[in-house]
Amino acid sequence: MAMLKMQRVYVYALLKYCKDILEALQRRGVVEIENLEMEDSVFYKDDSSSSFQDKYQRTSSIAKEANEILSRYVPRKKGLLSSFKGREQLTRSQYDELVGESQDILQVAYEIIAAQKNIDSCIAEKIKYQSQLDTIQPWLNLDVPMNFSGTATTKAFIGKFPGMKTSTEIVSGLAELIPEIEGVDVEIVSADNNQTCVFVLSSRADADAVSDALRRLGFEYPAYISPVVPMEREREIKKHLSNRDDRIKKATQQIESRADYAEKLNFLEDYYIMKAECYAAYGDIATSRHTFVMTGYVPEPDAQSLKDYLETNFDAEVELEEATNDDAPVKLKNNKFAEPTESVLATYSYPDHHEADPTSIMAIFYYLFFGMMFSDAGYGIVMSLACAICLLKFKGMEAGLKKSLKMFFWCGVTTTFWGLLFGSFFGDAVTVISNTFFHSPPPNIPGLVTPIWFNPVDEPMRMLMFSFLLGIIHLFTGLAIQAYNCIRYQKNFLAVIYDVISWYLLVGGGILALLTMDMMQNIAGFTLPPVFGTVGGIMAAVGAVIILIFSGRESKNPIIRLAKGAYGLYGTTGYLSDILSYSRLLALGLATGVIATVFNKIGSMMGDGIIGVIAFTVIFIIGHGVNIGINALGAYVHTNRLQFVEFFGKFYTGGGKEFKPFKINTKHYTVKEDN
């Protein structure tokens, strides 16, 4: 339960070392660089950084595009769990070696992109030529070019009619429209149900009348007109298509021959992203003609080693000073048990420097509540084993994913714990399997067959009261942290009485008084002696008076102060609502167990034969797989809600600025800084 102290760092060095220092800081990833504004005639901001940044981002995009093209021609096999592997780590010597090859790799990227453009161009041309080929197919019997217009004394019409027609029908149609004209020759080139291609010849003197008559009969010119005899054009087009196929094959082979550059292109994409981010950081520093100044924040444990490194390797001058709490970013530091839940806290908000980091305490309740909602030992074992295998197998996975898997590992452990207490192991799988397939009751195995504590399905009220008890402890723990914040960070001891102890008295006293009522015998199974009701009533009254008088203490006007105090008392309903919210521990726990039992019952309906065994196995795997997915998601969502709404609402302000160091934000590789 801690936040690392931050140190403010100032770096002064020669400008010639600026690029090397930025790259070194990027690899170390321990400094958050702050934008330095200096009103000085000597130091200034270099505006050229944005143009370099754009240039390197474009170059990175070229490498990415080339790699995407390469992956289409040379597919790379990825395992189902490949996303867990994380980025590959390079040593500094490997990094320097690949940097030395960067221009050669970039040239290969250009070649791959050029080859793909050649392929795309050839494909587009093939589509065009294929369209022409399809168009002239009906005209292959024509022995003149399609743009043939006739001789000195004749006029030729080359076109088509919709549907299938005969030469007699066409001649008859022309005779009806232009009876005065004779000597029109009609030749059918080809015909099918869709169109009839014709060659019509008339005298030039009658050309206009024949043209008008043909148009009225539905005649139209073809979309593509071959400048040569169609059969000759067909040979030309096929030659063009063959040529384009050869060019596509050659370009494809050129791309495929670069298959061994896939990883290097990945590096190039990352390398230029790194350079672009370096120039983005360069825009935050102040430079003169020969020197530069940089400032930022570094966690205290890393400060001295960073100072020594920069001063030794770059002849820089480094100053360290304690950062002020109001400006410094927040970096959390917790033990291995609590650290995985830092991502949950970050989802809500980081703490500021005037309150405690609640991660360690939150982690205890988080794992506890998740386990109660999931509450099946079999499911917990599956979850923990799956997370443990991934964590052991994939050492280089990303930090965020690693934290999530560790968190679900511990959630699986507590799920197993509660499942054994409640006697749920894949529901009642042991009992069902024993009765169905072995025709005998199962041995009395505590935790697997019978509950070590009790079965919530059989005793839901007992589970409900236990859920409320945990909820009250959770809420009161939140109030305790609020008291700690008041004492440790705000130095306001009276606020502990006004804002914490008052609610302990009011809510705690109300609970004591409630437990003395007769109705609690039916609900909780017990009642407290009447004296506890008296004590609880006095406690609640004292707490209510304190809240009424001091809840609005910031107001000087007594009437407004009392009004605010009365409104503060209205918060009692909020506590009642919060406590009732913990009934979800019962609801989700019952849902998991009941659904598991239902799937077991369905699976056993086919009897104990071979078909029954197969059916039970299939239903068992699918049914419990679905149940794990749905109820694990439900447990995750509702556990978060209990932290964010009920718990944090009692003490947590948040609003801290996350520590975001200047580091390698790449996709494929990360670089290990040599010691």
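Lys-491 is found in the loop between α15 (460–488) and α16, where helices (H or I, at least four residues) and strands (E, at least two) are DSSP runs numbered from the N terminus. The model is predicted, and local features need pLDDT of at least 70, side-chain atom pairs count only at pLDDT 80 or more, and totals for chains, interfaces and linings use all residues. Residues are numbered from 1 along each chain as its sequence is written, and side-chain values use heavy atoms, with hydrogens and water left out.

Most residues other than glycine have a negative phi. Lys-491, although not a glycine, has a positive phi of about 55°, and Phe-426, also not a glycine, has a positive phi of about 50°. Phe-426 lies in the loop between α13 (399–422) and α14 (429–437). Because its relative accessibility is 14%, Phe-426 counts as buried, while Lys-491, at 57%, counts as exposed; buried means under 20% relative accessible area, exposed over 50%, and partly exposed in between (1.4 Å probe, protein chains only).

Phe-426 also belongs to a cluster linked by ring pairs, whose members include Phe-370, Phe-425, Phe-616 and Tyr-636. Rings of Phe, Tyr and Trp (its six-membered ring) pair if their centres lie within 6.5 Å, and planes under 30 degrees apart count as stacked, over 60 as edge-to-face and the rest as tilted. By this rule the count comes to 53 aromatic pairs. Since Tyr-498 lies in helix α16 (residues 493–514) and Phe-550 in helix α18 (residues 530–550), the pair ties together parts that are 52 residues apart in sequence. Tyr-498 counts as buried at 16% relative accessibility, whereas Phe-550, at 24%, counts as partly exposed.

A ring can also have a charge over it, which requires NZ of Lys or CZ of Arg within 6 Å of the ring centre and within 35 degrees of the ring normal. The charged end of Arg-28 sits over the ring of Tyr-309, 4.4 Å from its centre, and that of Lys-264 sits over the ring of Tyr-261, 5.2 Å from its centre.

Turning to the strands, β5 (residues 185–191) and β6 (residues 195–203) pair in the antiparallel sense over six bridges, where pairing requires that DSSP finds at least two bridges between two strands. A hairpin joins β5 to β6 through three residues, and Ile-188 stands opposite Val-198 in β6.
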